[in-house]
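My entries follow the order in which I looked.

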Amino acid sequence: MDRPSEKNNKITADDVRYVAQLGRLSLDENEVSCFQGDLSRILGYIEQLNEVDVNNVNPTTHVLPSMKNVFREDEERPSIPVSQALQNAPDRKGSFFRVPRVIKES
């Protein structure tokens, strides 16, 4: 199935079928119609966002400009005791977690 041509951001039923094929999805005609409407509305909303003038707006990393990174200093601290770390382990050998072998011996 060839990719349908783009038509003014209007999603066609063929567009929906094409994307469904790429995702290996099986859609009935009712679902195709439903997704066609949903995707057309989403693209319409994106078009509205593209009309907003953002030339004088500085890029931000947070929605609120007052927000700052709250990273803590990296400091050395004692870890939890081995017995506490292993208390919920389904299987253990000494002070280690025991897991099934995943590498074959040659």
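I began with Asp 38 and Arg 41, whose side chains form a salt bridge at 2.6 Å, N to O. I took a salt bridge to be a side-chain nitrogen of Lys or Arg within 4 Å of a carboxyl oxygen of Asp or Glu. The two are separated by about one helical turn, because Asp 38 and Arg 41 are three residues apart in helix α2. Asp 38 is partly exposed at 31% relative accessible area, and Arg 41 is exposed at 56%. Here buried means under 20% relative accessible area, exposed over 50%, and partly exposed in between (1.4 Å probe, protein chains only).

I noted the ground rules: this is a predicted model, local features need pLDDT of at least 70, side-chain atom pairs count only at pLDDT 80 or more, and totals for chains, interfaces and linings use all residues. Residues are numbered from 1 along each chain as its sequence is written, and side-chain values use heavy atoms, with hydrogens and water left out.

How many salt bridges does the rule give? The count is five. One of them joins Glu 29 and Arg 17 at 2.9 Å, N to O. Glu 29 lies in helix α2 and Arg 17 in helix α1, so this pair ties together parts 12 residues apart in sequence. I found Asp 14, Arg 17 and Glu 29 linked in a network of salt bridges. Arg 98 and Asp 91 meet in another salt bridge, at 3.4 Å, N to O.

**The chain as a whole**

I counted three helices and two strands. From the N terminus they run α-α-α-β-β. Helices (H or I, at least four residues) and strands (E, at least two) are DSSP runs, numbered from the N terminus. Of the 106 residues, 11% are buried.

**Helix α1**

Which residues of α1 are buried? They are Asp 15, Val 16, Tyr 18 and Ala 20. These buried residues pack against α2. Asp 15 has 10% relative accessibility. Its side chain reaches the backbone nitrogen of Thr 12 at 3.0 Å. Just after α1, I saw that Arg 24 takes a positive phi of about 55 degrees.

**A nonpolar patch**

Phe 35, Leu 39, Ile 42 and Ile 46 make a nonpolar patch of about 320 Å². Patch residues have over 30% relative accessible area and no salt bridge; like charges are joined within 9 Å, and nonpolar side chains (Val, Leu, Ile, Met, Phe, Trp, Tyr) within 5 Å. Accessible areas come from the Shrake-Rupley method with a 1.4 Å probe; for residues, only the protein chains shown count as cover. Ile 42 lies in helix α2, residues 29-50.

Terms used
Polar contact = N/O pair within 3.5 Å; in protein donor to acceptor, adjacent residues only side chain to side chain. Contact = heavy atoms within 4.5 Å.
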